[in-house]
Every structure is written in C-alpha cells, then in structure tokens.
Amino acid sequence: MSTNPPIDSFAKFREMVYGFRASRIILTALELDIFSVMGSREWAIPSLAKRLKVSSRGLAILCRNLASLGLLVPALGRYRTTSMVKHYLQKESVDYRGDYLALMERQWKEWSRLTEVVRTGVPVESDESETREYRRSFTWAMHHRSQEPAEQVAKQIAIKSARSFLDLGGGPGTYALAFLQNNPHLQATVMDRPAALAVAKILAKQFSMESRLSFHPGNFMEDPIQGKYDLVWYSNVLHIYSPAENLKVFRKIKRALNPGGRLLIQDTFLENPQGLRPLEANLFAVTMLLYTDTGNTYSLQDVRTWLHKAGLNRTRVINLKKGTGDWEGRILEARPPVSS
Ligand SMILES: C[S@@+](CC[C@H](N)C(=O)[O-])C[C@H]1O[C@@H](n2cnc3c(N)ncnc32)[C@H](O)[C@@H]1O
C-alpha cells in the first residue's frame, strides 16, 4: 500500500481508495493465467493475445501495468516474466503457490461482500458450510504462506530441552516440521481436522519426517487434547475465536502441558491503548469478520488476561529479528506458576 494512514487530505483519501486497482490488475493476470502461459519465453502482445484468446488492446495495457508493478520485464516491445514470477507464480515451478493464489482470488469476491456482512454480522462462509476440498486447498495455502516464516521462527526459538511438541490447529504442520528440522530430539504432533491432516501427512513424507510427526485428528474445542507435551504451539488460531473460546482452549492446553512445559502463541497483536496499530492487525480482523463466527484480533494485554485466568500466568514476549517470522515477529510465551 503506497499510502499510509492517517488519511488527512483528499489526495491521500483518493489514493487509498484506488489502492484496489493494482490488486485487480494482478488478480486479472492470474485469472487469465498470463504468468504460466508466458513461461520462460519473451512474448509480443499479438501472439500472447492470440494464445490467451484476449484482446490485444486489453493485454497491451494490462502487460504495461504488470511491467510497471515489476512483475514483467519489457524487452524491445516484448515482455518476459521476472525470476520471482517464475519461482512462485508459474505452474511449472516446484515452488508454485497455486492454492494461496486461489485463496487470494476468492478473497477478492468475498471482500466485495463486506457491506452485507457488516449489516448482518453473518460471515460469508462458516466451518459448517465448508467442503473437504475447500479445507484441503486452504491448508495448502497455509503451507505456501508459512514456509519462510516457519524456518525463521524455528531457527530463533530455543526449545532444546523440549522432547514433545504439539502444533495445535497446525493445519499443514509447516511449523511442526520446521521445529523438527531444527531440533533432532523432538517428536511432534499436529492436531487439526482430518482434511487438514491429509495435507500434513503428504508434507511429512516429503520432509522424511513420518517417524517423528504424528497426527491427532479432532476438534480441539469439542474433543479432549490427547497426550502431554513440553511445548504447545498455537499459531494463527487465536484470531479465529472469541475471548471466551480462547480461554477454554488455554485451560485445555494447561492440562496438556508436562511439568516445566510452555505455550507459545503466534499471531498478529493490536497495540495498546486503542488498538489502532498496526494497520495489518486491524485489516486482519475484517478477514475474521468475513470468515468466522466469533474471530477478531487482540492486544497482548487482552491475551495475557485470559492466560492468567487459565492459570498460565508467567508470560513474556519473544521478539524475533526485525523482518523475520510471521506478522510483526512477536510471540507470546506462557507458563503455569512455578508451584503448579
Ligand atoms: C489459519 S490456520 C493456521 C495453520 C498453522 N497453525 C499456521 O500458523 O500456519 C488455522 C488452523 O486451525 C485449524 N483449526 C481451527 N479451529 C480448530 C478446531 N476447533 N479444531 C481443530 N483444528 C482447528 C484449522 O483447521 C486450520 O488448519
């Protein structure tokens, strides 16, 4: 986003509202499959238009804009893709982020229903209405999103004394796998819904971690958490639920901790006192309004209050190196009192 708040002039207001144009241009390029079709070749507009079955005029203006955004390179009246595009946005690449791109395309449509959702308070989707295929694709998207942050986080958080690790709502298990890679004595478990665990099982095989990663299918709101763990990792789950629901989960986590164990929470946190910053944490609350019944974003102080109520009152914030990890790079650690 080129314009930062506060919006204190009409010019800034206009620029902020029109921020959607660049997003729309990129999403249209994805819908037309331009990046994959271009592959490694240089293309003149007429031949690319013919291949894509689109108008030359439309494509010329679109490609010029994609080049001005840095996604295409102009070369004597032709265009080729950049190395970033080849790596992440072309279907041929092993690092293609297709399910994450599909999620972004769906979000454009669903964000357009925000007014209706604010009116009714009813999300555009709910857990009950989702299909197994949706959950599979969403889980791959979470893996695409978390790969780099997971490696960075696992390198920076020392868990050498831990032997057992629970990735609660771990989805694809990207974080569990990163912690396993960095801690040879660790055994990990991912608890999630069966459709998400199907993806985690594929990844465990890809990472040759089948003997060190186990799977706990279930709904942690309804079902007991089986087993005892030295470390429970709760990443990007806090924001899906209300304060009361998170409190319920924290109580379950406390019961699932071994003596000396701890909980680590990764999420985006609002800053006190009014919670107006960071902007991303506030924008993400809107995503939760669109997709969940009770989700929101919270301040560290909010979360600490629920942790205290759950008996996890020894808390501290772990700050990752600037520009690494997910969100703002802050992880909240919580332990039970020394005597418990
Ligand atoms: C946003 S994803 C985060 C995935 C992963 N922890 C990460 O940080 O990349 C949230 C995950 O929590 C899981 N989840 C949410 N509520 C759950 C519940 N009640 N029981 C089991 N899994 C749940 C979802 O299925 C999803 O895989």
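A residue counts as buried if 20 or more other C-beta atoms lie within 10 Å of its own, as exposed if 12 or fewer do, and as partly exposed in between, with C-beta atoms placed from the backbone. The model is predicted: local features need pLDDT of at least 70 and side-chain atom pairs count only at pLDDT 80 or more, while totals for chains, interfaces and linings use all residues. Residue numbers run from 1 along each chain as its sequence is written.

Q: Which residues of helix α14 are called buried?
A: In α14, which spans residues 300-309, the label goes to Val303, Trp306 and Leu307. Helices here are DSSP runs of H or I with at least four residues, strands are runs of E with at least two, and both are numbered from the N terminus.

Q: What puts them on the same side of α14?
A: The arc is that of the directions from the helix axis to the C-beta atoms. These residues cover an arc of only 105°, so they sit on the same side of α14.

Q: What do the buried residues of α14 pack against?
A: Their partners are α12 (243-256), β8 (257-266), β10 (298-299), β11 (314-319) and β12 (330-335). A contact here means two C-beta atoms, placed from the backbone, within 7 Å. Following α14 comes Gly311, with a positive phi near 85°.

Q: What span does α5 reach, and what is expected?
A: The expected span is 1.5 Å times one less than the number of residues. Helix α5 (residues 56-68) has 13 residues and reaches 18 Å from its first C-alpha to its last, close to the expected 18 Å.

Q: Which residues of α5 are buried, and where do they pack?
A: Leu59, Leu62, Cys63 and Leu66 are buried. They cover an arc of only 100° around the axis, and therefore share the same side of α5. The buried residues pack against α2 (20-31), α4 (45-52), β2 (72-75) and β3 (78-81). On the other side of α5, Arg57 and Ser68 are exposed.

Q: Why is Arg132 called exposed?
A: Arg132 has 12 other C-beta atoms within 10 Å, so it is exposed. This residue belongs to helix α9 (residues 132-156).

Q: What makes the protein chain as compact as a globular protein of its length?
A: The chain has 14 helices and 12 strands. Its radius of gyration is 22 Å, close to the 20 Å that the globule rule gives for 340 residues, so it is as compact as a globular protein of that length. The radius is taken over C-alpha atoms, and the rule is 2.2 Å times the number of residues to the power 0.38.
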